[in-house]
Each structure stands twice: as C-alpha cells, then as structure tokens.
Amino acid sequence: MKILIEKILNESIYFSTNYGKGKGVWRGSSKPIEKEYFVEFDIDKLYCFHELFINENRRYQIEIRNETLYLTLLLLEYDEAGCATFQLGDSIIEIETIFDKRFLELINLYVTIIVETLNIFDENI
C-alpha cells in the first residue's frame, strides 16, 4: 500500500493514504523520513468475533479517533484455523482470530476493527 509519512514521533509514524489517515509502528530496516513509501501492514493481535463491526459504508477506510486506529476492511476468506484474510485497497492483510463460524457470515462484507498496534514494513520498491 502507498502511504505518505507526515509525522514521526519516536517509533510511531503518522501517515495518509487514499483511504484516510492512520498511525503505526515503523518496522522497516531503515529509519523512516517524511516521504512516500510502499508498505505492508501487519496486525499482531488475536481477535474475537465481537471485536469486528459491520460497516454499512461499504468502502475501505483508515481513521484515527482519539488516538485510536480504526480500519475498515473487506473480509475475503476465513479458514478453520481462524485466519481471516482481508483486503484494504490493493493490499491483503491476514489477521488471526479465535475460530468462530459466525465469521463466515461476514465474508464479502466491510468490517471495522480497532487496531492497537499497526506494524508497518517498507516494501523497498
């Protein structure tokens, strides 16, 4: 995903995308600067079914509210191991969940999650 880093505060970066503004922790091998990057997002949290909210807007979104990060993603697939595959624009994000058959009902729906830590890796493109 293409992001523009707007501010760097210790490990945290604040960025903008075509889908809104967000924040995350830079995990790239080089120190970030305020410029455009192509990155991968990683979320290292085990989610439960009740932590996902159906979003009726049917569009990708990245938003910071009161220093809390919200991502609206499209659920593409869900497997028996609890791995949920989401799409955010042209990026794919896999999130681990506690297996729950109700996730299957959310396939092809836009859902919003609260992200405690968004890890960001430079793709070096």
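Buried means under 20% relative accessible area, exposed means over 50%, and partly exposed lies in between, using a 1.4 Å probe and protein chains only. By that scale, glutamate 116 is exposed, with a relative accessible area of 64%. The model is predicted, so local features need pLDDT of at least 70 and side-chain atom pairs count only at pLDDT 80 or more, while totals for chains, interfaces and linings use all residues. Residues are numbered from 1 along each chain as its sequence is written, and side-chain values use heavy atoms, with hydrogens and water left out.

**Salt bridges**

- A search of the whole structure finds 6 salt bridges, a salt bridge being a side-chain nitrogen of Lys or Arg within 4 Å of a carboxyl oxygen of Asp or Glu.
- Glutamate 67 pairs with lysine 23, and their closest N and O atoms are 3.3 Å apart.
- This pair links distant parts of the chain, 44 residues apart: glutamate 67 sits in the loop between β7 (61-65) and β8 (68-78), and lysine 23 in strand β3 (residues 20-26).
- Strands (E, at least two residues) and helices (H or I, at least four) are DSSP runs, numbered from the N terminus.
- Glutamate 67 is partly exposed, at 46% relative accessible area.
- Arginine 102 forms a salt bridge with aspartate 100, with 2.7 Å between the closest N and O atoms.
- Arginine 102 is partly exposed at 44%, whereas aspartate 100 is buried at 18%.

- Lysine 45 forms a salt bridge with glutamate 116, the closest N and O atoms being 3.8 Å apart.
- Lysine 45 lies in the loop between β4 (36-43) and β5 (46-47), and glutamate 116 in the loop between β11 (110-115) and β12 (118-122), so the pair ties together parts that are 71 residues apart in sequence.
- Lysine 45 is partly exposed, with a relative accessible area of 21%.
- A network of salt bridges links Lys45, Glu51 and Glu116.

**Nonpolar core**

- A nonpolar core is a set of buried Ala, Val, Leu, Ile, Met, Phe, Trp, Tyr and Cys residues joined through side-chain atoms within 4.5 Å.
- The largest such core has 34 residues, of which Ile3, Phe41, Ile43, Leu71, Ile113, Leu118 and Ile120 touch the most other members.
- At least two residues of this core come from each of β1 (2-9), β2 (12-17), β4, β8, β9 (83-88), β10 (91-97), β11 and β12.
- The most is given by β8, with 6 residues.
- Leaving out residues up to four places away in sequence, phenylalanine 41 touches Met1, Ile3, Phe15, Ile62, Leu88, Ile93, Leu118, Asn119 and Ile120, where contact means heavy atoms within 4.5 Å.
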